[in-house]
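Look through the sequence and the model below.

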Amino acid sequence: MPITLASVQAQDARDALAPLRQEFNLPGGVIYLDGNSLGAQPKAALARAQQVVQQEWGVGLIRSWNTAGWFELPQRLGNQLGQLVGAKDGEVVVTDTTSVNLFKVLAAALRKQRAVAPHKRVIVSERRNFPTDLYIAQGLTEQLQAHGAPAYELRLIDSPEELGHALKDDVAVLMLTHVNYQTGYMYDMAATTALAHHHGAVTVWDLAHSAGAVPVDLNGANADYAVGCTYKYLNGGPGSPAFLWVHARHQNSFWQPLSGWWGHARPFAMEPGYEAKAGISRYLCGTQPITSLAMVECGLDVFAKTSMAALRDKSLALTTLFMELVQQECAGHPLTLITPTDPARRGSQVSYEHPHGFAVVQALIARGVIPDYREPRIMRFGFTPLYTSFEDVWNAVAILKDILDNGSWDQPQFHQRGAVT
């Protein structure tokens, strides 16, 4: 039977998560399907930012490092975020950027592997991995070689099916994004980690498109290291600090390549020599961006009102509805689905290739539907169960159909590119 507006509205009527939409500022006349790139603003964020700026900074001044709990904020937020990714207290810190955190853990992982298995000189990743992950790996290995270390190989696979052939006994690190940013493909973290460990490799997982979107169990998967951002599904704000997780077995043997004073065992002893703190705090580097950190908590607080299992159920329902509606309403148009239809293998986004994907996305944005575009030819639609409704999905596909049927995407203004796509 065809999907109807009435059946979609019935899904919204049954949705136990629908009240959480009221926790966010969502502009009228906008269907926001880009939470996989930048999450919506929690209503609490503005008041929290004002509190930090007006009271904690304005009145408390430097005293707020102690009185307002600024100093412990990275660890406290880390414990809160850790509940969403299968981490224990004391295993996560919220700090720096995903790129910086990836540099830290990858440098530490390679150094540890060199000490126990110097013949392992390969990092395995995906050609379609998020570019910053590949750039960090390339830059780090070039630095190591410039300082006398033997050359490393960055071995890139073109599909998950190639992973078994790429993982050999010469691999030091397997570095993957849990949910691929282009396709939405989701790895089986436990099985993939076990395969890497079988070959003596350690795993570095990027959770940028997983945390807050799909259930993650880092300890259950026996993973080694993980990084991720807070400004996508965690709704921490544009450029909000990232996070870093390290399995307890690695924490106190971790070598900090960015040995700043915030990770020192006694930062205010002002000693000339570096001595790392015990535990997860040794992964900190410099003074923390308190205003940005404070707003991360507003996004995390919303998750306490539901569960990752409930969010996952709605996410799969939203993405399934979107794919079925596109098939029903947009057949005959050159749309190629590149996201797995298997629920166990997809995150919380749906991606299509279209020969003029950029222009179609711009036409959608002009009509109030906001997805995003990624090369090559990929239109990404992100579904955040905290605030996306089923009727949003219906209306977005109706507008997509109209744009494709009428060819209204083929106008000069929709082909003009800005700095961000």
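A residue is called buried when its relative accessible area is under 20%, exposed when it is over 50%, and partly exposed in between. The model discussed here is predicted. Aspartate 402 has a relative accessibility of 30%, so this residue counts as partly exposed. Its salt-bridge partner is arginine 367, with the closest N and O atoms 2.9 Å apart. Arginine 367, at 40% relative accessibility, is also partly exposed. Aspartate 402 belongs to helix H13, while arginine 367 sits in the loop between helix H12 and strand S13, and the two are 35 residues apart.

Side chains of opposite charge can pair when their charged atoms come close. In this model the count comes to 18 salt bridges. One of them joins arginine 127 to aspartate 158, with 2.6 Å between the closest N and O atoms. This pair links distant parts of the chain, 31 residues apart.

Which residue forms a salt bridge with aspartate 170? The partner is arginine 155, and the closest N and O atoms are 2.8 Å apart. Aspartate 170 lies in the loop between H7 and strand S7 and arginine 155 in strand S6, so the pair ties together parts that are 15 residues apart in sequence. Arginine 155 is buried, at 16%, whereas aspartate 170 is partly exposed, at 25%. Together with Glu153, these two residues are linked in a network of salt bridges.

The largest nonpolar core has 56 residues, of which Leu207 and Leu218 touch the most other members. Helix H10 contributes the most to this core, with seven residues. Apart from this core lies another, of 35 residues, including Val326 and Ile399.

How values were computed. Residues numbered from 1 in each chain as written. Predicted model: local features only at pLDDT ≥ 70, side-chain atom pairs only at ≥ 80, totals over all residues. Heavy atoms only, no water. Core = buried A, V, L, I, M, F, W, Y, C linked by side-chain atoms within 4.5 Å. Buried < 20%, exposed > 50% of the residue type's maximum accessible area, 1.4 Å probe, protein only. Helix = DSSP H or I, 4+ residues; strand = E, 2+ residues; numbered from the N terminus. Salt bridge = Lys/Arg side-chain N within 4 Å of Asp/Glu carboxyl O.
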